[in-house]
Amino acid sequence: MELPLLSLIVLTPAAGAAILALLPSDDAVRRVALGVTLIDLALSIVMLANFDTTTHAMQFTEIRPWVPSLGINYALGVDGISALFVFLTALLGSVSVLASWVAIDRKVKEFMINLLAMQALMLGVFSALDLFLFYVLWEAMLIPMYLIIGIWGGEGRVYAAFKFFLYTLAGSLLFLIGVIVLYFEGGETFDILALTARDLPFGVQSWLFFAFLIAFAVKVPMVPVHTWLPDAHVQAPTAGSIILAGVLLKMGAYGFLRFSLPMLPEASVYYSTLMLALSALAIVYGGLLALAQDDLKKLVAYSSISHMGFVTLGIFSLNLHGLEGSILQMFNHGVTTGALFLFVGLIYERTHTRSIAAYGGLMKAAPIYTAFLALFTLSSMALPGTNSFIGELLVLSGGFAANPAFGAAAVLGAVLSAAYLLGMYGKVALGQASVGDRYAIHDVNAREMVAILPLAVFVLWVGLYPKPFLEIIDVSVKHLLVQVHGTGGGP
Amino acid sequence: MDPVVSIRPLIAIAIAGLAALFVLLLHKHEKLRDLVSPVAAVLMFAIVASMAPTVLSGGSVELRLFEILPGVDFAFRADALGMVFATVSSLLWIVAAIYSIGYMRHLREHAQTRFYACFALSLAAAVGGAFAANLFTLVIFYEVLSLVTYPLVYHHEDEEGWLGGRKYIVYLMGASKSVLLAALALTYQIAGSLDFVAGGLLARVEAPAALLTVVYFCYLFGFAKAAVMPMHAWLPAAMVAPTPVSALLHAVAVVKMGVFCVLRVVFHVFGVGLVGELGLGIATAYLVSFTILMASVYALTRDDLKARLAYSTVSQLSYVVLGAVLLSPVAMVGGIVHIAAHAFSKITLFFCAGSIYCASGKRNISDMAGIGRRLPWTMGAFFVASLSMIGLPPTAGFVSKWYLAQGSVEAGEMAFLTVLLISSVLNAAYFLPVSYAAFFEAEPEESRAAVREIPMVTIPLVATAILSVLMGIFPDYFLTLASGVVG
């Protein structure tokens, strides 16, 4: 029998969480949690190394009956659309454990259990091929995230956690209704691939499209259902923010790619202009909000709304450049914004303030920190040579082909990103003021460096040699375009 | 002729990159550290020069590394246009490296390690841009150049330095994140590639004229380093940098990168034919003529010598663009050759400004009465370089202006001949009074003490003044290259 690699990837953190419950000391908990996430990361690398880039078919598939009477299966598999996210989740898992090493000093065991449970669920969502399994995991993710924000968060953590919970739950209810409708309309099956092959009437597609839209739009988040995000980010501990921005936000966009586009192709094409408009709105509005922030964490949170607008813009361009760019950009956003939240966490641990106005001249006190902060800031503003530039160029190329007006709006968002990110960097790292005089700041230590370096590698790797990443995506996206347009679609 | 495949373009870039690394490693051994830059500059120039015979005979030296996106490679090609820029940058780096040592030591500047490291990286970026084989590779080096020159601009880390640095980065990044980004995305969308193609990448594909026009102007303003008005304000702001930076980077490497990019777009992205068809040549010519004249008027009103030189640079850069967009072969040759002519002369003028500042602490022209008697070599070189800026024989500026003027006639555009003449008069009006004051006005009593030439600063500026004249007498190298570009 072949090794059930995906099950191993999904269940390793779950098993790890169980082991943590038995450990006596906080220190042992940290070490084991790190070990588990590193094993998981290694497994996901094995998966990518063995990934066949020549087929759009699901790979590493596993299927076992779960509730046979309802036709529910435990079915896993990845294709070019999900493979990178499995890897990204595993990567950010290790980073999250490292980011919580000293930042979390109470209920360490409970925290790490939540973190690992969260990771298992997220990996499950990205590899589920059964709609019911997907839904269960999707919903279950809410609980550990709610606890992470609500218990280990900042001052307003309870409010933020509730807001996060309510928004997501509201979306999920519509998603549940959609799942049930899909089950009956699609021939009483939960098999995602089988559902994809169904040809639903346009009326049904339309209803389902909007049910899914609300569920996914909350997660992305798209304007105007984005207001939970800044609260959640500001209150969440660093690891929570990394997971939230790095992986959870991708879930919504992944939902569009896995469900809306292939299952509801006519509705997706029909409503694409609306989606492009909403995306452009998110890009510009998110950028403007980011520009107005003094709280470092809020700035990065609002920038995420803008950057995720690029992702949905690319998706609903419904062409090759747009889709490839948006999937790559999701990966890039996970790496870069994950890193930025890590950096916010690092400086908060040292100064206990997140007010940009309180910083200044950090370059002198922490040169290595500011050098890497520069790298990730430039990556976030998509400077040529960094990962996000490739994604942004592809998304814009796709966006201009789909609708020049919204393409132009996206360019406006790109300028805004340069404005708020450079402004932030200037105020934090440069200038005559010296934050080092007011706070005892030490530069990054070895453990922090271990968390930073892999992310830095991906910034430059994807920026200069994105081919291996695009190859993973390519065939599956072309297949998706065939599903949407019936043909290969435009360039 | 088949291109020669060689790793030399990459080596040239790597030398400057390694130089930066060695500067950082040797930060505790000042003497050794200061030696790194001149040595690297000589090596880099030798590598660049070694490619000259191939390029002069109509060939090119290529290196294709890997694919970035379909239709976009990370690739280098040393062709005629690239060689003009690379030769000028690497040759002048030798002189500037020596000058920097004299200048920085004399003024006991702080953060010298950072200064030399960023300086070397700037050269790596400039030569990388010169040898880039497509827009993607070019833009990477273009942005790297913005980043690594930024610490050089805010070098003094005082209020003025931070403000100047901010303006610098906001203009350059703002332009490239807005219109340049749009231009790139649209070009990739339309052509499916970002390669430089003889005759024009976009000339090969069908696209609406209105769209192409938009893309064209996005490039023209997106490459803000070319300082076409209104994208020029960063350049005077960058003058807060130490003078060696203003000399090599903000008179040669950075600004020439800007006009170089514009020429790439005109020649190899759109192609001369398409630019003419769309009627963009004359439109651009009017635009840059405005810059030529306005910047000269600004220059007239500036008393700070470096500010005057900066506005003069804004004006002179537009000569290069003007030559290209007149679209007549002779004018194009003039524009390309002006890259070199302006470089040799303007670096001399900046070196002189630095020399005056080192020797006397003076920055304003109104304080320089009689200083020519204390600094005869410096002010002599200043005078020679001024003649070149005005365009008098036998200096470098004469060659390029001659071609530009003849090209305007050939293009049948007398309006631009007039622009050239007026601007030459303006050049004379803002440069010659400096020399006049230095040599013929009476020196105030109090400033006579202890002002004398500093050899390590003066020798480089005499060398570049000689280069300005030599290029006027032997312009063949650059003329041949320029003819190679025009074909």
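Trainee: In which sense do strand E2 and E3 of chain B pair?
Mentor: This is a predicted model, in which local features need pLDDT of at least 70 and side-chain atom pairs count only at pLDDT 80 or more, while totals for chains, interfaces and linings use all residues. Residues are numbered from 1 along each chain as its sequence is written, and chains are lettered from A in the order in which they are written. Strands here are DSSP runs of E with at least two residues, helices are runs of H or I with at least four, both numbered from the N terminus, and two strands pair if DSSP finds at least two bridges between them. Strand E2(B), residues 61–69, is joined to E3(B) over seven bridges, and the sense is antiparallel.

Trainee: Which strands of chain B stand at the edges of the sheet?
Mentor: The sheet is open and has three strands in the order E1-E2-E3 (chain B), with mixed pairing. Each edge strand has a single partner strand, so one side of each is left without a neighbour in the sheet, and these strands are E1 (4–5) and E3 of chain B.

Trainee: Is Ala78(B) buried or exposed?
Mentor: Ala78(B) is found in strand E3 of chain B, residues 72–78. A residue is called buried if 20 or more other C-beta atoms, placed from the backbone, lie within 10 Å of its own, exposed if 12 or fewer do, and partly exposed in between. Because Ala78(B) has 29 other C-beta atoms within 10 Å, it is buried.

Trainee: At about what angle to E2(B) does helix H1 of chain B run?
Mentor: Axes are lines fitted to C-alpha atoms, for helices over the stretch in contact, and angles run from 0 to 180 degrees between N-to-C directions; contact requires C-beta atoms, placed from the backbone, within 7 Å. Helix H1(B), residues 8–25, lies across E2 and E3 of chain B, and its angle to E2(B) is about 80 degrees.

Trainee: Which element gives the largest share of the side of chain B that touches chain A?
Mentor: The contact takes 26 residues from chain B and 24 residues from chain A. On the side of chain B, E2, helix H5 (135–153) and helix H6 (159–191) each supply at least two residues. The largest share is 15 residues, and the element that gives it is H6(B).

Trainee: What percentage of residues 72–116 of chain B is helix?
Mentor: An unreviewed UniProt entry annotates this stretch as "domain: NADH-Ubiquinone oxidoreductase (complex I) chain 5 N-terminal". Its end C-alpha atoms are 33 Å apart, and the chain there is 16% strand, while the helix share is 73%.

Methods:
Contact = placed C-beta atoms within 7 Å. UniProt positions renumbered as here; feature names shortened; annotations may be inferred.
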